[in-house]
Amino acid sequence: MAVAATQTLEHLDRGPLSKDELAALVARDIPQGSYVNLGIGQPTTVADHLSADSGVVLHTENGMLGMGRAAQGDEIDPDLINAGKVPVTEPPGAAYFHHADSFAMMRGGHLDVCVLGAFQVSATGDLANWHTGAPDAIPAVGGAMDLAIGAKDVFVMMTLFAKDGTAKLVSECTYPLTGVGCVSRVYTDRALFLVGADGATVVETFGMSVEELDERLDIDLRTL
């Protein structure tokens with residue numbers, strides 16, 4: 001996989017990744033032939049960047065295996081949607097099943113990778129993505145907890161900084177947790193990180209140096 005770099009790469013001649021570039025980066029790192037769930041929101045765009053020969057089989061929690069990319073124009077069927085209600089295509093071999101069977105696949109360890117959004121991720125891989133804890137916030141856990149503990153690898157896609165400038169990769173999550181120590185990689189517009197019991201490692205940066213990241217993130221960063 002492309003993430004197995006031998007040294008940290010700094011791309012200082014450009015700005016942060018666009019949403020499409022971020023989705024393409026995640027798609028690049030999904031192993032050939034994996035069974036993958038793409039979470040609601042930005043993670044669903046990864047489907048549009050998987051090559052036809054990747055062998056990746058997409059699972060959606062509302063009951064479809066072998067989901068295709070987002071539907072466009074005449075392809076759109078309002079009855080054929082992913083878990084985020086986005087119309088999708090139906091490649092040959094796609095299968096449909098009950099919602100309960102879909103969750104059994106998630107909980108039973110049958111997914112190789114899931115890609116989720118997040119409010120916060122800790123340097124040790126804790127995930128907070130269902131509730132900010134604010135009194136007026138609407139909780140939206142969906143199948144996130146099932147995916148967090150059921151998938152063999154959990155990738156997170158998010159912006160590195162919130163609208164107020166605070167970092168979303170933190171030493172310890174302050175929002176209610178979805179899962180503990182479940183995240184292995186964090187893909188952001190500013191950098192790609194490996195996270196886990198040993199802390200956070202910077203693999204690649206986009207428009208920021210490792211030194212600049214170190215100044216803005218209140219965690220101990222390692223490099224390859």
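How many bridges join E6 to E9, and do the two strands run parallel or antiparallel? Four bridges join them, and E6 and E9 run parallel. Strands pair when DSSP finds at least two bridges between them; helices (H or I, at least four residues) and strands (E, at least two) are DSSP runs numbered from the N terminus.

Before selecting anything, note that the model is predicted: local features need pLDDT of at least 70, side-chain atom pairs count only at pLDDT 80 or more, and totals for chains, interfaces and linings use all residues. Residues are numbered from 1 along each chain as its sequence is written, and side-chain values use heavy atoms, with hydrogens and water left out.

**Strands around E9**

Select Cys114 and Val154 first: Cys114 stands opposite Val154 in E9. Next, show strand E11 (residues 183-188), which pairs with E9 in the parallel sense over five bridges. On that side, Met157 stands opposite Tyr187 in E11. In E9, five of the six residues are buried. Buried means under 20% relative accessible area, exposed over 50%, and partly exposed in between (1.4 Å probe, protein chains only).

**Cysteines**

Select the cysteines next. A disulfide is a pair of cysteine sulfur atoms within 2.5 Å, and a search of the whole structure finds zero. For Cys114, the nearest cysteine sulfur is that of Cys182, 7.7 Å away. Cys114 is buried, at a relative accessible area of 0%. Cys173 is in no disulfide either; its nearest cysteine sulfur is that of Cys182, at 9.1 Å. Cys173 is buried too, with a relative accessible area of 13%.

**Salt bridges**

Now display the charged side chains. A salt bridge is a side-chain nitrogen of Lys or Arg within 4 Å of a carboxyl oxygen of Asp or Glu, and the count by this rule is six.

Start with Asp112 and Lys152, whose side chains form a salt bridge at 3.5 Å, N to O. Asp112 lies in the loop between helix H2 (99-107) and strand E6 (113-116), and Lys152 in the loop between helix H3 (144-150) and strand E9 (153-158), so the pair ties together parts that are 40 residues apart in sequence. Asp112 is partly exposed at 22% relative accessible area, whereas Lys152 counts as exposed at 58%.

Salt bridges that share partners also join Arg28, Asp29 and Glu204 into one network. Within it, the closest N and O atoms of Arg28 and Asp29 are 2.9 Å apart. Arg28 is partly exposed, with a relative accessible area of 36%, while Asp29 is buried at 0%.

Another pair to select is Glu21 and Arg14, with a salt bridge of 2.8 Å, N to O. Both ends are partly exposed: Glu21 has a relative accessible area of 34% and Arg14 one of 30%.

**The cavity**

Last, select Leu38, Gly39, Ile40, Thr44, His59, Thr60, Met67, Asn82, Ala83 and Gly84, which line the largest cavity. On a 1 Å grid over the protein atoms alone, a cavity is a set of points where a 1.4 Å probe fits but cannot get out, and lining residues have an atom within 4 Å of a point. The search of the whole structure finds one cavity of 30 Å³ or more, and the volume of the largest is about 30 Å³. Volume here is the space filled by probe spheres set on the points, which are joined across faces, edges and corners.

Colour the lining by class: four residues are nonpolar, six polar and none charged. Ala, Val, Leu, Ile, Met, Phe, Trp, Tyr, Cys and Pro count as nonpolar, Asp, Glu, Lys and Arg as charged, and the others, Gly among them, as polar.

Definitions and conventions: 1 Å grid on protein atoms, 1.4 Å probe; cavity = no way out; pocket = protein on both sides within 12 Å on 5 of 7 lines; lining within 4 Å.
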